[in-house]
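Biologist: Hello! Could you walk me through this structure, one feature at a time?

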Amino acid sequence: MPLRIATQVHGWLLLLPAAVLLVAFTHYPAMAALWNSLHSTPRGSRPARFVGLDQYAAMAQDPIFLQSLMNNALFVLGTVPLSIALALAMALWVNGRLRGRTALRVAYFTPTVLPMIAVANIWLFFYTPGYGLLDQITGLFGLPAHNWLGDRSTALPALMAVTVWKEAGFFMIFYLAALQSIPPTLREAADLEGAGRWTFFRRVTFPLLMPTTLFVLVNAIINAFRLVDHVIVMTRGGPDNATALLLFYIYEVGFRYWDTGYAAALTAVLLAILVVLAIGQFLYLDRKVHYR
Amino acid sequence: MRARTAATVSGFRTAMSVPCSVELDRVTKRWGTATAVDGVSLTAQAGQMLVLLGPSGCGKSTTLRLVAGLDSLTSGRVLIGGADVSALPPARRRIAMVFQSYALFPHLSVADNILFGLQVRRVPVVEQRKRLARAADLLGLGALLERRPAQLSGGQQQRVALGRAIVADAPVCLMDEPLSNLDAQLRHEMRREIRALQLRLGITMVYVTHDQTEAMSMADQVVLMNGGRVEQAGTPDALYARPASVFAARFIGTPPMNVFDLPQFPGVRLGVRPEAMTLAPSGPGLAATVADTDYHGADTVVLCRVGEGAEAQTLAVRTPGHAPLAPGASVRLSWAPDAVHAFDAATGLRRPDEDDLRRAAAQ
């Protein structure tokens with residue numbers, strides 16, 4: 001065997017284990033989902049048959065799908081800007097010269113380390129009507145008990161609070177790393193010119209953090225669409241689908257109603273949304289981002 | 001509003017037209033128990049170029065940062081233009097500063113980098129443009145104004161940093177080893193350029209360097225620092241001709257001054273510069289053996305060994321041209337009485353000039 005071919009074979013053999021795993025668990029299922037979304041769901045004696053875009057057409061008439069889409073949009077708007085702003089604020093705070101900043105950093109990061117299910121259960125207790133932490137506090141001020149997760153108007157915001165709480169600490173770490181790569185002489189040079197804290201932040205720190213902001217933004221949005229565990233543990237999409245997010249609805253359709261064809265079509269839509277958002281962000285923001 | 005801006009602008013004008021002196025009065029800086037700067041007093045006259053010179057860790061950069069107000073004083077006073085600025089923040093000390101790393105804002109264009117301070121201080125746009133044009137013209141940056149710092153060479157970045165200092169129209173400019181990141185050729189060029197600029201703008205400059213050539217060629221006044229204290233202050237000429245201590249003698253001049261002992265002068269260390277020594281194959285003078293030669297083009301530094309065993313000392317002799325001497329060759333070293341410096345062996349300080357001793361020590 002010529003040496004060149006031997007080298008090639010060698011290379012492919014090295015790639016093989018990873019490639020097999022990727023194909024088996026990522027690419028094949030993704031393609032299969034797309035394929036399934038063009039077919040009806042097989043039931044008992046009726047095998048799947050090709051239905052073209054019928055599954056997609058059905059979504060337009062599906063009120064729960066439309067509501068979960070709407071819920072998800074609200075969820076993104078409610079959690080992403082807030083968690084990013086909080087992350088940045090916390091990073092600026094713990095980046096300063098203050099006593100016990102290591103402890104503070106750890107404290108802010110802790111929510112990220114906790115398992116999702118544990119987090120959900122902790123917050124379930126906070127939200128419990130009557131004796132939950134939140135009601136105990138509001139009770140001190142003489143306010144009536146409130147069923148935070150049981151009320152249509154507060155259930156989704158209650159879930160958002162959990163997500164912001166969990167995500168902000170994680171994003172803070174990225175901001176903190178970026179802040180520490182900004183040379184301190186820039187601050188000194190600005191000091192000499194009389195630039196105040198806010199001016200320095202607006203003119204120097206924030207622009208230099210833009211690559212991090214873009215990265216965090218893309219991740220935050222993807223996470224907002226991927227969220228399902230909190231919903232399952234805390235509300236199961238209720239009350240009256242007020243907290244049904246897209247992925248939760250897909251889970252319900254696929255694994256509770258076993259309408260796999262429709263679930264596959266919904267998955268394709270979810271992926272399409274994420275791809276469009278990610279491309280849009282990169283194209284739009286890339287022009288404004290200064291990479292060092 | 002209009003009146004206020006006008007006042008600010010004229011304030012800058014006066015600042016520029018009246019140069020300021022910089023004075024340090026027993027300035028001390030301690031970090032915990034470590035003393036970085038220990039009772040330093042010095043004065044840079046208005047329009048003067050003062051160079052703080054010393055080995056790394058001698059406290060020269062810290063001294064500069066104390067003048068700038070970037071670090072706070074432990075004790076002592078800093079006066080700029082006669083006014084005590086010790087308690088003022090950096091922005092109100094009427095100084096500009098060039099950092100060793102240049103501290104350019106990587107995301108801003110050259111023009112925005114230069115104008116950053118003026119924008120922060122809300123100088124009117126017309127005035128900003130005028131000053132930018134002047135600085136760009138002085139430094140030859142005209143074609144680069146739209147570039148980002150990363151797209152510039154080291155020398156160009158250095159110019160941008162200078163531009164930022166110039167547009168501030170501050171009467172005092174501080175420089176922290178501004179040339180240490182440049183190659184030798186460029187360093188030489190920038191050295192002349194900075195000096196020319198300083199003279200032309202009539203600003204007072206405090207310049208930190210560890211490079212004695214830089215200090216000697218640029219300064220009106222050199223302040224040599226060692227271990228947080230001033231070792232010697234004076235004109236470059238004075239430091240070269242009459243070093244106040246063995247440290248000053250060895251720090252200034254390349255190669256450094258020969259400091260050696262002769263048995264007939266107990267308690268005294270003698271100093272003779274390599275360029276003041278004459279080397280002859282025979283005749284009168286101190287007997288020595290050639291150990292090594294170091295050819296530099298215009299001259300040769302010959303290292304000679306004097307004495308035997310534990311008493312052996314190495315002396316450098318600078319001779320013009322190419323000296324074809326083989327290691328091991330016997331030579332005679334001689335020097336004139338007025339080339340002799342005498343230092344106290346115990347304290348390392350210069351002794352009062354004694355003609356008898358110098359004559360006796362001449363070879």
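Biologist: Let me begin with A:Val269: is this residue buried, exposed or partly exposed?

Modeller: We count neighbours: a residue is buried if 20 or more other C-beta atoms lie within 10 Å of its own, exposed if 12 or fewer, and partly exposed in between, with C-beta atoms placed from the backbone. A:Val269 has 18 other C-beta atoms within 10 Å, so A:Val269 is partly exposed. Its place is in helix 13 of chain A. Helices (H or I, at least four residues) and strands (E, at least two) are DSSP runs, numbered from the N terminus. The C-alpha atoms of A:Val269 and A:Gln8 are separated by 39 Å, and the two are 261 residues apart along the chain.

Biologist: Before going on, what kind of model is this, and how is it numbered?

Modeller: This is a predicted model, in which local features need pLDDT of at least 70, side-chain atom pairs count only at pLDDT 80 or more, and totals for chains, interfaces and linings use all residues. Residues are numbered from 1 along each chain as its sequence is written, while chains are lettered from A and ligands numbered from 1 in the order in which they are written.

Biologist: What is the mean pLDDT of chain A, and where is confidence lowest?

Modeller: pLDDT is the predictor's confidence in each residue, from 0 to 100. Where it is low, the predicted coordinates should not be read in detail. Chain A has a mean pLDDT of 86, and 98% of its residues reach 70 or more. Within chain A, confidence is lowest in helix 4 (residues 101–113), at a mean of 81, and highest in helix 9 (residues 197–208), at 92.

Biologist: Now to chain B. How many helices and strands does it have?

Modeller: Chain B has 10 helices and 18 strands. Its C-alpha trace spans about 80 × 45 × 35 Å along the principal axes. Of its 363 residues, 38% are buried. Domain bounds come from an automatic or database domain assignment, and for chain B this gives domain 1 (2–241) and domain 2 (259–355). The centres of these two domains, taken over C-alpha atoms, are separated by 40 Å.

Biologist: How many bridges join strand 3 of chain B to strand 8 of chain B?

Modeller: Strand 3 (residues 49–53) and strand 8 (residues 204–209) of chain B run parallel and are joined by 5 bridges. There, B:Leu52 stands opposite B:Val208. For an antiparallel case, take strand 15 (residues 299–306) and strand 16 (residues 313–320) of chain B, joined by 8 bridges. B:Val301 stands opposite B:Arg318 in strand 16 of chain B. The hairpin of these strands has 6 residues between them, and B:Gly307 takes a positive phi near 85°.

Biologist: Which residues other than glycine have a positive phi?

Modeller: Among them are A:Trp258, with phi near 55°, and B:Ala103, with phi near 50°. A:Trp258 sits in the loop between helix 12 (246–255) and helix 13 (260–286) of chain A, and is exposed, with 12 other C-beta atoms within 10 Å. B:Ala103 lies in the loop between strand 6 and helix 3 of chain B, and is buried, with 21 other C-beta atoms within 10 Å.

Biologist: Where is the cis peptide bond in chain B?

Modeller: The peptide bond from B:Thr254 to B:Pro255 is cis, with omega near -15°. B:Pro255 is in the loop between helix 9 (246–251) and strand 11 (258–260) of chain B.

Biologist: Finally, how many residues does the contact between the chains take from each?

Modeller: Two residues are in contact if their C-beta atoms, placed from the backbone, lie within 7 Å. The contact takes 16 residues from chain B and 16 residues from chain A. On the side of chain B that touches chain A, strand 6 (95–98) and helix 3 (110–120) of chain B each supply at least two residues. Helix 3 of chain B gives the most, with 3 residues.

Terms used
Two strands pair if DSSP finds at least two bridges between them.
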